[in-house]
Amino acid sequence: MEGEAFFLIPKDLQLIIDGKPSDLSRTECKLLEELASRPRIFVANTELLTSVWGGYVNSTALPVYIRRLRLKLGDKQPYKYLLNRRDVGYSLNTDQEVYS
C-alpha cells in the first residue's frame, strides 16, 4: 500500500482513502472491521457469514460486498488489499493501522 492510506471510522460508517471520505453501509463497515481485526490472516467464508450476517444470508452476499469494498478502495486486479483464496476465505492485506 505504498503511498496510499485508508482508515476506517466505524462510528461514522466511513472509509477515508487518501484523505477523501467514502460512505459505507453498515454491512460493508462490519465486514471491513472483521477483516481489519486480523490483518493478513485469511478468515473463512463461513466465519464471515456468521460474524457479519449472523449466518442468515445467501452465501453469494459475501462476494458481492467484497466487490463493493474493492471498488471503494480502488482495489483492481491483481488485488492488493482484499485478497481471497479459493475454499479458504478473505484477508485484508495491510500492515498499517486501519482505525482512525
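**Close-up views of a predicted model**

View A. Ala44 sits across from Gly89 of strand 6. This is a predicted model, so keep that in mind for every view here. 

Next along, Val43 faces Tyr90 of strand 6. Strand 4 covers residues 43-44 and strand 6 covers residues 89-92; the two run antiparallel and are joined by 2 bridges.

**View B. The 4-6-5 sheet.** Here is an open sheet of 3 strands, in the order 4-6-5, with antiparallel pairing. Strand 4 and strand 5 are the edge strands, each pairing on one side only. Strand 5 (residues 82-85) runs antiparallel to strand 6, with 4 bridges joining them. Look for Leu83, whose bridge partner in strand 6 is Ser91. The hairpin of strand 5 and strand 6 has 3 residues between the strands, and Asp87 takes a positive phi there, near 65°. Helix 1 lies across strand 4, strand 5 and strand 6, and runs at about 80° to strand 6.

**View C. Helix 1 against helix 3.** Two packed helices are described by the angle between their axes and the distance between the axes. For helix 1 (residues 26-36) and helix 3 (residues 61-73), that comes to an angle of about 85° and axes 10 Å apart. An angle of 65 to 115 degrees counts as roughly perpendicular, and helix 1 and helix 3 are therefore roughly perpendicular to each other. On the helix 1 side, the contact is made by Thr27, Glu28, Leu31, Leu32 and Leu35. Helix 3 brings in Leu62, Tyr65, Ile66, Arg68, Leu69 and Lys72. Sorted by type, the residues of this contact are 7 nonpolar, 1 polar and 3 charged.

**View D. Helix 3 from end to end.** The buried residues of helix 3 are Ala61, Leu62, Tyr65, Ile66, Leu69, Arg70 and Leu73. An α-helix has 3.6 residues a turn, so residues three or four places apart point the same way. The buried residues of helix 3 pack against strand 1, strand 2, helix 1, helix 2 (45-53), strand 5 and strand 6.

**View E. The 1-2-3 sheet.** This one is also an open sheet of 3 strands with antiparallel pairing, in the order 1-2-3. Strand 1 and strand 3 (20-23) are the edge strands, each pairing on one side only. On average, neighbouring strands of this sheet are turned by 25° against each other, direction ignored. Strand 1 and strand 2 run antiparallel and are joined by 4 bridges. Helix 3 lies across strand 1, strand 2 and strand 3, running at about 40° to strand 2.

**View F. Around Ile16.** Ile16 has its place in strand 2, with Phe7 standing opposite. Why does Ile16 count as buried? Its relative accessible area is 17%, and buried means under 20%. Leaving aside neighbours within four places in sequence, Ile16 is in contact with Ala5, Phe6, Phe7, Ile9 and Pro21. Take Ala5 from that list: Ile16 and Ala5 are 11 residues apart in sequence and 8.1 Å apart in space, C-alpha to C-alpha.

Technical notes: Residues are numbered from 1 along each chain as its sequence is written. This is a predicted model: local features need pLDDT of at least 70, side-chain atom pairs count only at pLDDT 80 or more; totals for chains, interfaces and linings use all residues. Side-chain values use heavy atoms; hydrogens and water are left out. Axes are lines fitted to C-alpha atoms, for helices over the stretch in contact, and angles run from 0 to 180 degrees between N-to-C directions. Angles under 35 degrees count as roughly parallel, over 145 as roughly antiparallel, 65 to 115 as roughly perpendicular and the rest as oblique. Contact means heavy atoms within 4.5 Å. Ala, Val, Leu, Ile, Met, Phe, Trp, Tyr, Cys and Pro count as nonpolar, Asp, Glu, Lys and Arg as charged, and the others, Gly among them, as polar. Two strands pair if DSSP finds at least two bridges between them. Buried means under 20% relative accessible area, exposed over 50%, partly exposed in between (1.4 Å probe, protein chains only).
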